[in-house]
Amino acid sequence: MGEQDLIAVTAPSAPQGPPVLPIQVTKAFLPPFAEYSAWLGKAYGTAVLTNNGPIHRDLEEALRHRFDVPYLRLMSNGTLAIQLAIRALGVKGKVITTPYSYVATTSAILWEGCDPVFVDVDRDTCCIDPALIEAAITPDTTAILATHVYGIPCDVEAIDTIARKHGLKVIYDAAHAFDVTWKGRSILQWGDASTLSFHATKLFHTVEGGAVVLHEHGSDDRLRLLRSFGHIGDEHYALGMNAKMSEVHAAMGMAILPHMPYILERRRAIVEAYDRSTHGMVARPRIPEGTGYNHAYYPVFLNDEQERELVLKEMAARGINCRRYFYPSLDTLPYVSGMSCPVSRSLSNRVLCLPLYPDLTDEQVLRIADALLSILQAYRGAGC
Ligand SMILES: *Cc1c(COP(=O)(O)O)cnc(C)c1O
């Protein structure tokens, strides 16, 4: 028995090397630990941990300048950002909204005691279809809450015209729209308010967190009051909430900001590699001309729900976890009723988001694209 044989005999029981972890749809960006800890060191030095501390103020100012907006307030998360924006603007009654978004867009409306009225989306941009908004307006309608889904800008000009004509407030759920521009300016400059989410899975994050952008002094004053229990000192002015961001969370944001050019560039490169290797096989949303895009997600649309479910399952079998962003269509939630948005339902039934985060290697990107193509070729080639 030679040495080769011994190895061959013992190999099957020996470990096969490190286990290959599945590729997730997203992975939080983490700055070098030393950089995060330098920011944390400031909080340790002052023992100011929350309540509008110095790091919080630094981050608010940095973001306000970045987006060139008059008022930007940090929040504990992106869901409370929507809720408090609704409240700060005095929105009540019926709110026209998109069925094609994350569930928090709808739940925020309901938690604020308002009624969501779903208006279907444009099949190319996946954003609310302005041509359908006016027919849904009634005397009880007070606002439009639309999502720049995947960071794709809504038709802000058309929405603005409708809102002015009918005296409606406009709130944009801009949870996906960090650093997106429209005609050269931040998309956050549109509407009466825009809300951001800085959850760990988002393009820019503070672990948990969010922000509200406002354009008018009075609503900003109300928002700050609402964010912090509704009182200043011992004077109580309004029913408030605790929606503050801590110094520990703001520190993560400050540590990530210098890495934004790398994050955006790496995402762009991955998206281009996906585009090159999958073109023609899957439908993709249209990014309107005039958009400075952030490549927040890589959604693809399959031919039908059956094909989508098969691709989801087969990709997972290859260690690639895609996600059905966004599913289900929000007009099908069990706690809303009476509306049906066929375009949104069709998109929800056919969509799959491919993994997209800066740490993905070029080799992984090609593996993901190859897996998608071979699954589709096998399935479609079989005449299904
Ligand atoms: C993530 C997200 C939210 C909620 O943000 P959280 O910070 O997780 O509360 C709201 N709307 C959309 C569209 C989102 O993707």
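How are α4 and α8 oriented to each other? That was my opening look-up.

**Ground rules.** I'm working from a predicted model, where local features need pLDDT of at least 70, side-chain atom pairs count only at pLDDT 80 or more, and totals for chains, interfaces and linings use all residues. Numbering starts from 1 along each chain as its sequence is written, and side-chain values use heavy atoms, with hydrogens and water left out.

**α4 and α8.** I found helix α4 at residues 78–88 and helix α8 at residues 217–227. Helices here are DSSP runs (H or I, at least four residues), strands are E runs of at least two, and both are numbered from the N terminus. The pair packs at an angle of about 130 degrees, with the axes 9 Å apart. Axes are lines fitted to C-alpha atoms, for helices over the stretch in contact, and angles run from 0 to 180 degrees between N-to-C directions. α4 and α8 are therefore oblique to each other (under 35 degrees is roughly parallel, over 145 roughly antiparallel, 65 to 115 roughly perpendicular, the rest oblique).

Next I listed who touches whom, with contact meaning heavy atoms within 4.5 Å. From α4 come L84, A85, R87 and A88, and they meet S219, R222, L223, L226 and R227 of α8. I sorted the residues of this contact into five nonpolar, one polar and three charged. For that, Ala, Val, Leu, Ile, Met, Phe, Trp, Tyr, Cys and Pro count as nonpolar, Asp, Glu, Lys and Arg as charged, and the others, Gly among them, as polar.

**H295.** I located H295 in the loop between β12 (291–292) and β13 (299–301). Its relative accessibility is 16%, so H295 counts as buried (under 20% relative accessible area; exposed is over 50%, partly exposed in between, with a 1.4 Å probe and protein chains only). Ignoring neighbours within four places in sequence, I see H295 in contact with L203, R267, R268, V271 and L356.

**Domains.** I have domain 1 as 3–27 + 259–381 and domain 2 as 33–257; the bounds come from an automatic or database domain assignment. Their centres, taken over C-alpha atoms, are 28 Å apart. Across the boundary, 39 residues of domain 1 contact 42 of domain 2.

I noted a cis peptide bond from Y325 to F326, omega near 10 degrees, and a cis bond from Y327 to P328, omega near -5 degrees. F326 lies in the loop between α11 (305–317) and α12 (342–350). D68, not a glycine, has a positive phi near 55 degrees and sits in the loop between α3 and β1 (71–75). D68 counts as exposed at 59% relative accessibility.
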